[in-house]
Amino acid sequence: MPIPSPRRLSSAAALLIAVALLVAACGKGDGGDGVQDGAAAQPPAATSTTGLPPKLARNVDQADQIVGEGMEAFESRLRQLRGHPVVVNQWASWCESCRFEFPFFADAVKRHRAKVAFMGLDSQDERGSAEAFLEELPVGFPSIFDPDAEVAAAFGGGQAWPTTMFFDSKGELVNVKIGAYATAELLEQDIQRWALGQGS
């Protein structure tokens, strides 16, 4: 059997080193400890309901679905969530300000879902359009369909889209914010104040 020349051996070694480096680089995004890996691993953890109180876990499980229609469904959901503060966002698929604001809510849901229930109120909308909107821009909370904005109006909404309502753990309305949040920080301030009872 012929003995490989030194030049051929060094070429093979160089090829093996190149392959090893390529594998290491590709593996970093999937299982390494870089920042990219941490960011990629976050969404599955954010959708897990492990360790959440049962009422909040059920709410998270129904994220981005229309789960009922009208006042009876809305009040029933509030009763089911009794014991936890509830943040209700009135939105519609045709509302550009809602589209702008939804990412702020998506982040807030991930941050506070162990203590706060989030719910949507899809008002003056067409159901098919609403479902398509939720598929395109998932926000992380379930919504009640409110075709005539009757539910929203009963709780201080229905005047502008979006509107956000804050209910305490007893199901009492404590604050209404009419119009979109300009920044995620402003939404966070209201969650801290009206849902978590912190700050002024």
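1. Two strands are said to pair if DSSP finds at least two bridges between them. The present model is predicted, and this definition applies directly to its strands E2 and E3, which pair in the parallel sense over six bridges. Within this pair, asparagine 89 stands opposite glycine 120 in E3.

2. The overall composition may be stated next. The protein chain contains eight helices and six strands. Read from the N terminus, its elements follow the order α-α-α-β-α-β-α-β-α-β-α-β-β-α. Of the 200 residues of the chain, 38% count as buried. Among contacts between residues at least 6 apart in sequence, 70% join residues at least 24 apart.

3. The six strands form an open sheet with mixed pairing, in the order E1-E4-E3-E2-E5-E6. Strand E1 (66-69) and strand E6 (173-178) stand at the edges; each has a single partner strand, so one side of each lacks a neighbour in the sheet. From one strand to the next, the twist averages 25 degrees.

4. The antiparallel case is illustrated by strand E5 (residues 163-167) and E6, which are joined by five bridges. Methionine 165 stands opposite valine 176 in E6. Helix H5 packs on the sheet, where it touches strand E2 (86-91), strand E3 (117-123) and E5. The direction of H5 makes about 160 degrees with that of E2.

5. Is strand E2 buried or exposed? Six of the six residues of E2 are buried, so the strand is largely enclosed by the rest of the structure. Both of its faces are covered. Val86, Val88 and Gln90 lie on one side, Val87, Asn89 and Trp91 lie on the other, and all are buried.

6. In general, two packed helices are described by the angle between their axes and the distance between the axes. Helix H5 (residues 96-112) and helix H8 (residues 184-195) pack at an angle of about 40 degrees, and their axes are 10 Å apart. The crossing of H5 past H8 is right-handed.

7. Which residues make the contact between H5 and H8? From H5 come Phe104, Phe105, Ala108, Arg111 and His112, and from H8 come Ala184, Leu187, Glu188, Ile191 and Gln192. By type, the residues of this contact divide into six nonpolar, two polar and two charged.

8. Aspartate 122 is located in strand E3. Its relative accessible area is 0%, and the residue is therefore buried, since the cut-off for burial is under 20%. Apart from its neighbours within four places in sequence, aspartate 122 is in contact with Ile66, Trp91, Ala92, Ser93, Ala130, Ile144, Phe145, Asp146 and Pro147. The C-alpha atoms of aspartate 122 and serine 143 are separated by 6.4 Å, although the two residues are 21 residues apart along the chain.

9. Leucine 56 belongs to helix H3 and counts as buried, with 1% relative accessibility. Leaving aside its neighbours within four places in sequence, leucine 56 is in contact with His84, Arg113, Ala114, Lys115, Val116 and Ala117. Leucine 56 and valine 116 are 60 residues apart along the chain, yet their C-alpha atoms are separated by 7.6 Å.

10. Two residues call for a check of the backbone. Aspartate 64 has a positive phi of about 65 degrees although it is not a glycine. Aspartate 64 is found in the loop between helix H3 (54-61) and E1, and at 25% relative accessibility it counts as partly exposed. Glutamine 124, also not a glycine, has a positive phi of about 50 degrees. Glutamine 124 is found in the loop between E3 and helix H6 (127-136), and at 41% relative accessibility it counts as partly exposed.

11. Where is proline 162 placed? Proline 162 is in the loop between helix H7 (150-154) and E5. A cis peptide bond joins tryptophan 161 and proline 162, with omega at about -5 degrees.

Definitions and conventions:
Residues are numbered from 1 along each chain as its sequence is written. This is a predicted model: local features need pLDDT of at least 70, side-chain atom pairs count only at pLDDT 80 or more; totals for chains, interfaces and linings use all residues. Side-chain values use heavy atoms; hydrogens and water are left out. Axes are lines fitted to C-alpha atoms, for helices over the stretch in contact, and angles run from 0 to 180 degrees between N-to-C directions. Helices (H or I, at least four residues) and strands (E, at least two) are DSSP runs, numbered from the N terminus. A crossing is left-handed if the near helix is turned anticlockwise from the far one by less than a right angle, and right-handed if clockwise. Contact means heavy atoms within 4.5 Å. Ala, Val, Leu, Ile, Met, Phe, Trp, Tyr, Cys and Pro count as nonpolar, Asp, Glu, Lys and Arg as charged, and the others, Gly among them, as polar. Buried means under 20% relative accessible area, exposed over 50%, partly exposed in between (1.4 Å probe, protein chains only).
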